[in-house]
Amino acid sequence: MRFWQALGGVIRYEAARTLTPLRSVLWLSLMLLPVALVAAMLYLVQVRDPEYNHVVLSGLLYVLLSEVVTVLCMLLWAAPIVNEELESQTWIYILVRPGARLSLLLGKYLIAVLWTGTCTSISAVLAVVITTAAGIERSLEVGMAIVAVNWVSAMAHGALFMMIGTLFQRRAMVYAFAYAVAVEAILGWVPAVVNRFTISFRLRSLLIDWLDLDLEALIDDELPFVWEQDAVMHLSVMAVAVAVLLAVAVWRVERSQYRWQSEV
């Protein structure tokens, strides 16, 4: 009972912090940026093959929302969880309360997922409204798939960056950004078996499966950066990965003694 009360307190406190003017402006900016880019593309680019407009739209929204915006949000929210408490000199209060470390991690993780998921979901909905008005077919189907992928991406990247933040608390954002660029953005697109261990590979496969896209027929070539398996398998792998990453983060925080500079 004490754990759930502590978890609820962390969630309420962190939720209140998201309503500050600075964070609200940041949330609004990240939400509107992909919408503005989609609207600009519709205005400036003349699409010559309407049959594959939904393929271009799904790829654009996936890169902007599931990869770029989600990663940026989690860099700000999930990666510096431990370092933020150390710098604000509040870590000592967490140490003296039973179960406080676990409730802090899970509470902040849930708020990070909620903050990021709502941002990308609303952005996807607005983009779908614009593209539907422009006459792009299957826009609604693309939007529903993108929203689902966004939430999976938020949970996975949040768990990953939080784990990185518990291992390297002093430079958590630097290490998380380096991992996102080197592994997810580069290694995830390498045509080899190793790319199947990345989050981006699973997210792309989910999107292709849910939209039933025949990309091989479109480009007349094999695609080594996707895997033709059903969505259940990919979701199962992602669920196990999130659970393992959260478990490692909790174990690290429970077992480690972090150092911080006292103000006294």
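Q: Is Ala 241 buried, partly exposed or exposed in this predicted model?
A: In this predicted model, Ala 241 sits in helix α11. Its relative accessible area is 34%. Buried would need under 20% and exposed over 50%, so Ala 241 counts as partly exposed.

Q: How far apart are the C-alpha atoms of Ala 241 and Ala 159?
A: Along the chain, Ala 241 and Ala 159 are 82 residues apart.

Q: Which helices and strands does the protein chain have, and how many of each?
A: Reading along the sequence, you get the pattern α-α-α-α-α-α-α-α-α-α-α. That comes to 0 strands and 11 helices.

Q: What percentage of the protein chain's contacts between residues at least 6 apart join residues at least 24 apart?
A: The chain has 264 residues, and 46% of them are buried. Take its contacts between residues at least 6 apart in sequence, and the share joining residues at least 24 apart is 80%.

Q: Which element gives the largest share of the largest nonpolar core?
A: This core has 61 residues, and Leu 61, Ile 146, Phe 161 and Met 162 have the most contacts inside it. Elements giving it two or more residues include α2 (21-44), α3 (53-77), α6 (100-133) and α11 (231-255). The largest share is 13 residues, and it comes from α7.

Q: What does Ile 146 touch, once its neighbours within four places in sequence are left aside?
A: Ile 146 is among the residues with the most contacts inside the largest core. Leaving those sequence neighbours aside, its partners are Ser 58, Leu 61, Tyr 62, Leu 65, Ser 66, Ala 124 and Leu 207.

Q: Are α7 and α9 roughly parallel or roughly antiparallel?
A: The contact uses residues of α7 including Ala 145, Ile 146, Val 149 and Leu 160, and residues of α9 including Leu 203, Leu 207 and Trp 210. The crossing is right-handed. The two axes come within 10 Å and cross at roughly 160°. Angles over 145 degrees go in one class, so α7 and α9 are roughly antiparallel.

Q: How are α3 and α8 oriented to each other?
A: Val 71, Leu 75 and Leu 76 of α3 meet Met 173, Ala 176, Phe 177 and Ala 180 of α8. The axes come within 9 Å and cross at roughly 160°, in a right-handed crossing. With the cut-off at 145 degrees, α3 and α8 are therefore roughly antiparallel.

Q: Is Pro 80 buried or exposed?
A: Pro 80 lies in the loop between α3 and α4. Its relative accessible area is 15%. The limit is under 20%, so Pro 80 is buried.

Q: Which residues does Pro 80 touch, not counting those up to four places away in sequence?
A: Pro 80 and Met 173 are 93 residues apart in sequence, yet 6.5 Å apart from C-alpha to C-alpha. With residues up to four places away left out, Pro 80 touches Leu 75, Ala 172 and Met 173.

Q: How do α1 and α6 lie relative to each other?
A: Residues of α1 including Phe 3, Leu 7 and Ile 11 meet residues of α6 including Leu 102, Leu 106 and Leu 110. The crossing is right-handed. The axes of α1 (residues 2-17) and α6 come within 8 Å and cross at roughly 40°. That angle makes α1 and α6 oblique.

Q: How far apart are the end C-alpha atoms of α6, and what span should its 34 residues give?
A: At 1.5 Å a residue, the 34 residues of α6 should span 50 Å. The end C-alpha atoms agree with that, being apart by 49 Å.

Q: Is Val 68 buried, partly exposed or exposed?
A: Val 68 lies in helix α3, and its C-alpha atom is 9.6 Å from that of Pro 34, 34 residues away along the chain. At 40% relative accessibility, Val 68 counts as partly exposed.

Definitions and conventions
Residues are numbered from 1 along each chain as its sequence is written. This is a predicted model: local features need pLDDT of at least 70, side-chain atom pairs count only at pLDDT 80 or more; totals for chains, interfaces and linings use all residues. Side-chain values use heavy atoms; hydrogens and water are left out. A nonpolar core is a set of buried Ala, Val, Leu, Ile, Met, Phe, Trp, Tyr and Cys residues joined through side-chain atoms within 4.5 Å. Buried means under 20% relative accessible area, exposed over 50%, partly exposed in between (1.4 Å probe, protein chains only). Helices (H or I, at least four residues) and strands (E, at least two) are DSSP runs, numbered from the N terminus. Contact means heavy atoms within 4.5 Å. The expected span of a helix is 1.5 Å times one less than its number of residues. Axes are lines fitted to C-alpha atoms, for helices over the stretch in contact, and angles run from 0 to 180 degrees between N-to-C directions. Angles under 35 degrees count as roughly parallel, over 145 as roughly antiparallel, 65 to 115 as roughly perpendicular and the rest as oblique. A crossing is left-handed if the near helix is turned anticlockwise from the far one by less than a right angle, and right-handed if clockwise.
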